[in-house]
Amino acid sequence: MSRILSTLDPPDHTRQRKLAMGAFTPRRISHWREATEDIVNTNLDLLGSQEKPDLMDFAGAIPAQVLGKIFGIPLGRYNDIIDAIDRAFHSDAASSNAKKAFEDIAQYGRELIVEKRSAPGDDLLTTLIEARDGNDRLTEDELVALLAQMIMAGLDTTRNLIGSAVLSLLDNPGQRRLLAERPELAPQAVDEFLRLEGALTMGLFRFAKEDLEFGGASLPAGAPVIAALLSANRDPRRFEDPDRLDITRQGPRHVGLGHGLHNCIGAALAKLEAEIAIPSVLNRFPEMELAIPRDEITYSESYLLRALTELPVDLHGGTVHRRER
Ligand code: HEM
């Protein structure tokens with residue numbers, strides 16, 4: 001874990017980021033639109049067939065299946081990894097045995113690499129393996145770390161974004177109607193969800209490089225720094241009426257996908273998945289509402305992720321929730 005992209009400085013960071021970045025440019029990602037639409041539709045059918053539908057199951061399946069296509073290998077055990085991510089970034093890291101959780105994620109990466117080495121193809125994981133085996137541009141540990149981070153960063157973040165966005169729209173019927181009436185607003189709406197309910201609460205592992213003053217605090221060189229992204233995204237000095245969901249909002253830029261050297265490599269992919277999945281689920285089930293009272297909604301105890309523990313929904317409206325009103 002000490003070798004994941006987020007913790008590296010140049011030149012190692014530059015070399016590794018370049019290897020992965022080619023697969024995530026907006027142009028390359030646009031090729032996955034049709035596959036993503038198919039995956040979303042299949043999972044909407046599945047959601048519709050559940051006796052007790054939990055929208056987080058739908059939200060988790062989308063990034064897992066799309067990433068599986070990009071890597072060229074199905075991520076069959078993605079629910080175990082979502083569970084490991086929950087343990088790895090638990091607010092009480094000592095009791096959750098975070099080290100073991102990180103090891104579980106890395107071990108999954110190793111297993112996928114073994115499988116892929118025996119069945120290479122025209123896919124991202126094969127490209128990374130070739131960078132290791134053919135050109136020696138990655139060490140074995142770096143290969144595992146890069147894959148493990150992409151699995152971690154690509155699965156639960158997108159899952160949480162989709163879940164939180166749907167909850168925001170259930171909370172704001174006017175905005176939900178607006179999105180249904182004006183589907184062309186989807187990219188703007190996703191940007192607003194990333195600002196208001198983005199999946200990463202903070203940036204990862206920063207240290208002051210030199211003594212500095214910031215926001216009235218003195219930071220000695222080497223001090224650990226937490227950049228609270230979601231707080232910044234609701235800064236009233238930057239955003240007008242920051243706690244309000246406004247899917248027509250245009251700027252200013254937020255930091256829900258990070259900023260600068262370490263910004264999100266998967267930004268175009270996360271946006272594509274969210275732009276398709278969020279409107280589709282609300283269009284397929286226009287009467288959908290919460291299946292539990294609003295105040296029973298809970299979030300994981302994670303210092304890193306804004307993650308709903310579950311999002312039980314009544315796809316056709318009008319049961320528990322209505323009775324309790
Ligand atoms: C809603 C979905 C997503 C959100 C909110 C998100 C957010 C972020 C943020 C805030 C950062 C910067 C962290 C920091 O500065 O320390 C980041 C970095 C990163 N993200 Fe994402 N991300 C998402 C989806 C993805 C996807 C789909 C992938 C690709 C598989 C991905 C891969 C990465 C990687 C590899 C980095 C590290 C980049 C570097 O250090 O150079 N993310 N992400």
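## Exercises on a predicted model

F205 sits in the loop between helix 11 (186-197) and strand 1 (206-207), where helices (H or I, at least four residues) and strands (E, at least two) are DSSP runs numbered from the N terminus. This is a predicted model, in which local features need pLDDT of at least 70 and side-chain atom pairs count only at pLDDT 80 or more, while totals for chains, interfaces and linings use all residues. Residues are numbered from 1 along each chain as its sequence is written, and side-chain values use heavy atoms, with hydrogens and water left out.

**Exercise 1. Work out whether F205 is buried or exposed, or in between, and find its phi.**

Step 1: Recall the cut-offs: buried is under 20% relative accessible area, exposed is over 50%, and partly exposed is in between (1.4 Å probe, protein chains only).
Step 2: The relative accessible area of F205 is 39%, so F205 is partly exposed.
Step 3: Phi of F205 is near 40°, a positive value in a residue other than glycine.
Step 4: Most residues other than glycine have a negative phi, and most peptide bonds are trans.

**Exercise 2. Find the cis peptide bonds that end at P11 and P252.**

Step 1: From P10 to P11 the peptide bond is cis, with omega near 5°. P11 belongs to the segment before helix 1.
Step 2: From G251 to P252 the bond is cis as well, with omega near -5°. You can find P252 in the loop between helix 12 and helix 13.

**Exercise 3. Which residues are closest to the ligand, and which atom is the donor to its iron?**

Step 1: The ligand is surrounded by 31 residues, the closest being H13, L204, R206, H262 and C264; a residue counts as near if one of its heavy atoms lies within 4 Å.
Step 2: Look at the ligand's oxygen atoms. A polar side-chain atom of H13 is 2.6 Å from one oxygen atom, and a polar side-chain atom of R206 is 2.7 Å from an oxygen atom. L204 uses a backbone N or O atom, 2.7 Å from an oxygen atom of the ligand.
Step 3: Now the iron: its single donor from the protein is C264 (SG), 2.3 Å away. Donors are N, O and S atoms within 2.8 Å of the metal (3.2 Å for Na, K and Ca), and sites may look incomplete without water.
Step 4: C264 is in the loop between helix 12 (229-232) and helix 13.
Step 5: Helix 9 gives the most to the shell around the ligand, with 7 residues.

**Exercise 4. Is K116 buried or exposed, and which side chain does it meet in a polar contact?**

Step 1: Locate K116 in helix 7 (residues 98-118).
Step 2: K116 counts as buried because its relative accessibility is 5%.
Step 3: Its side chain makes a polar contact with the side chain of D123 (2.8 Å). Such a contact is a pair of N or O atoms within 3.5 Å; within protein, one must be able to donate a hydrogen and the other to accept it, and residues adjacent in sequence count only if both atoms are side-chain atoms.
Step 4: Compare N233, in the loop between helix 12 and helix 13. N233 counts as buried because its relative accessibility is 0%, and a polar atom of its side chain lies 2.8 Å from the backbone nitrogen of V255.
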